[in-house]
Amino acid sequence: MSVSTIPVPASHRRLLVWLPTLAWLALIAWFSSDFFSSAHTGKVLLKIIHLVYGDISDSNFQIIHFLVRKTAHLTVYGTLGGLAYHSWRATLPGNGWGRLHWIAFAAAITVAAASLDEFHQSFVVSRGASAYDVLLDLTGALLVQLLIVVFSERAVKSAENEPNR
């Protein structure tokens, strides 16, 4: 019997579909530490920029560093939103209204995680909390979910238009 044919109880399948989301939440908690503070990421980014481009003015570096950090927020929480969407989709049946529930629940997880992340950062000396970052995080999650919906709709329409073989 191969691994792919071993029957998995429904309760275990539900847990398995949540593992990527839970692992990503753990990664976000690690990102919330001092190790990923602006001072630390700035040193690494500055070394990379110097290696690739040479010298750069401090004002230009500050702009780049700000953009990299905010893009990281969009990307990290966009990934969380996508993972949570798929976890909810596998956990809660439905289509049509089900999709709105999956989006809403994934957005709720994102806001909760982002808020807890910012709350935690308020206790880390080298970090700071920002409500704007929570909004940016939610934006990233909703953008990824929008992409999922758009591309899944296109896939469905493409399959419907494809002649039967």
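Let's start with a single side chain: Trp18 sits in helix H1 (helices are DSSP runs of H or I with at least four residues, strands are E runs of at least two, and both are numbered from the N terminus). This is a predicted model, in which local features need pLDDT of at least 70 and side-chain atom pairs count only at pLDDT 80 or more, while totals for chains, interfaces and linings use all residues. Residues are numbered from 1 along each chain as its sequence is written, and side-chain values use heavy atoms, with hydrogens and water left out.

Trp18 has a relative accessible area of 16%, so it counts as buried (under 20%; exposed is over 50% and partly exposed in between, with a 1.4 Å probe and protein chains only). Beyond its neighbours within four places in sequence, Trp18 is in contact with Ser87, Trp88, Thr91 and Ile109 (contact means heavy atoms within 4.5 Å). With Thr91, the side chain of Trp18 makes a polar contact of 2.7 Å. Such a contact is a pair of N or O atoms within 3.5 Å; within protein, one must be able to donate a hydrogen and the other to accept it, and residues adjacent in sequence count only if both atoms are side-chain atoms. The C-alpha atoms of Trp18 and Ala84 are 7.7 Å apart, although 66 residues separate the two along the chain.

## The overall fold

The protein has five helices and zero strands. Of its 165 residues, 27% are buried. Among contacts with a separation of 6 or more, 69% link residues 24 or more positions apart.

## The nonpolar core

The largest nonpolar core has 16 residues, of which Ile28, Tyr77, Leu80, Tyr85, Trp88, Ala106 and Ile109 touch the most other members. A core of this kind is a set of buried Ala, Val, Leu, Ile, Met, Phe, Trp, Tyr and Cys residues joined through side-chain atoms within 4.5 Å. H1, H3, H4 and helix H5 (131-161) each give two or more residues to this core, and H3 provides the largest share, six residues.

Leaving out residues up to four places away in sequence, Leu80 touches Thr21, Trp24, Leu25, Ile28, Ile109, Thr110 and Ala113.
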